[in-house]
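Hi there,

Here is the structure I promised to pass on to you. Have a look at it first, and then read my notes below.

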Amino acid sequence: MKETRIVECETTAGFFKLELHQDWSPNGYERAVHLFDIGFYDNTHFFRVVKNFLVQFGISYSHDRFLSKIANTPLEDDPQLNPPIPFDEGVVSFAGSGPNSRTSHLFIAYGPVKSFGKMLWETPIGTVIEGMDTVRNLYSEYGEKPEQGQIHKRGVHYIRTVFPKLDKIIHCSVEQDEVLEKGTEELKSDVAAGNQDSVKSKSELVKSDSKASDVISEIKKEDAGTVKSDVKSDAAGIQEKSRKADNRLGKSSSANDTVASQTGLDHLGFPIAAAIGVFLVIMCMLKRKRSKKTMNKTV
């Protein structure tokens, strides 16, 4: 069964609907469906609108680390179909700048252009099936003047102050194709009935964006490791300070007591232990906050 998804978008110029095809461009399809589904394109501008050529969008203003990681991870090129899908009016494709360079930028063709589809990264992923008038009427007087580098650097403020008339996407939603919904229901029934062969064959139809999930899992693991390391480091520091304080007060503590105490707080009085515990939590929060600020500046 061929998988397709319907994407409905409301813009400042009106409504349009896309139909995306998994068999046209498997990698591109999964990335596009996932980005639309998580709201990546919401509130982004059509920053490149050239009559009789194309309209391009796909630069988010979000500083969300997960969105940025997913969107900026390059996609492997998909093979062109034979014969290739022609770039007629309304055909949707990822934009790229070289082999395996597709990330989040999409464009919609305004008409047949002979140069489209010559490169591996220009593989159609779908078409506009409703609202092509909306796409044609997007504000185009700025042409190619908006600089992508400045959009990345200055964000939405650059667009609002220099190119205030550009249209933007307000919100997009992804609907499952009827065939996919039917396949999902059949899969549930097969699972309940214990039909393993059928389950295996239908699982491919309803799989999620595995690449994006892997990226998210990787980030979560990195974050968990950082927090664990920070807490361990801070606990060790508190333990060392406690030991030195004990020595100054003439107290003695055995090596076994030190090993048994994970944070170095078990031999202190309750008020001191509580105060140090609060201090430890505050220090961890401050470290995480500083790390987040640094990341936002980098993005």
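**Salt bridges**

A search of the whole structure finds six salt bridges, a salt bridge being a side-chain nitrogen of Lys or Arg within 4 Å of a carboxyl oxygen of Asp or Glu. Before you go further, please note that this is a predicted model, in which local features need pLDDT of at least 70 and side-chain atom pairs count only at pLDDT 80 or more, while totals for chains, interfaces and linings use all residues. Residues are numbered from 1 along each chain as its sequence is written, and side-chain values use heavy atoms, with hydrogens and water left out.

One of the salt bridges joins Asp78 to Arg102, with 3.0 Å between the closest N and O atoms. Asp78 lies in the loop between α2 (65-71) and β5, and Arg102 in the loop between β5 and β6, so the pair ties together parts that are 24 residues apart in sequence. (Helices, H or I with at least four residues, and strands, E with at least two, are DSSP runs numbered from the N terminus.) Both Asp78 and Arg102 are buried; buried means under 20% relative accessible area, exposed over 50%, and partly exposed in between, using a 1.4 Å probe and protein chains only.

Another salt bridge links the side chains of Glu89 and Arg136, at 2.9 Å from N to O. Glu89 sits in the loop between α2 and β5 and Arg136 in helix α3, so this pair ties together parts that are 47 residues apart in sequence. Glu89 is partly exposed, at 37% relative accessible area, and Arg136 is partly exposed at 40%. Arg136 also forms a salt bridge with Asp133, where the closest N and O atoms are 2.3 Å apart. Arg136 and Asp133 both belong to helix α3 and are three residues apart, about one turn of the helix.

Which residues of strand β5 (residues 91-94) are buried on each side? Val91 and Ser93 are buried on one side, and Val92 and Phe94 on the other, which leaves both faces covered. In a regular strand the side chains alternate between the two faces of the sheet. Strand β5 pairs in the antiparallel sense with β7 (residues 124-130) over three bridges; two strands pair if DSSP finds at least two bridges between them. The bridge partner of Val91 in β7 is Thr127. β5 also pairs in the antiparallel sense with β6 (residues 106-109), over three bridges, and here Phe94 stands opposite Leu106.

**Aromatic rings and the core**

There are eleven aromatic pairs. Rings of Phe, Tyr and Trp (its six-membered ring) pair if their centres lie within 6.5 Å; planes under 30 degrees apart count as stacked, over 60 as edge-to-face and the rest as tilted. The ring centres of Tyr41 and Phe57 are 5.5 Å apart and their planes are at 75°, so this pair is edge-to-face. Tyr41 is buried at 0% relative accessible area, and Phe57 is buried at 0% too. Phe36, Phe40, Tyr41, Phe46 and Phe57 form one aromatic cluster.

The largest nonpolar core has 33 residues, of which Leu20, Phe36, Tyr41 and Val135 touch the most other members. Such a core is a set of buried Ala, Val, Leu, Ile, Met, Phe, Trp, Tyr and Cys residues joined through side-chain atoms within 4.5 Å.

Happy exploring!
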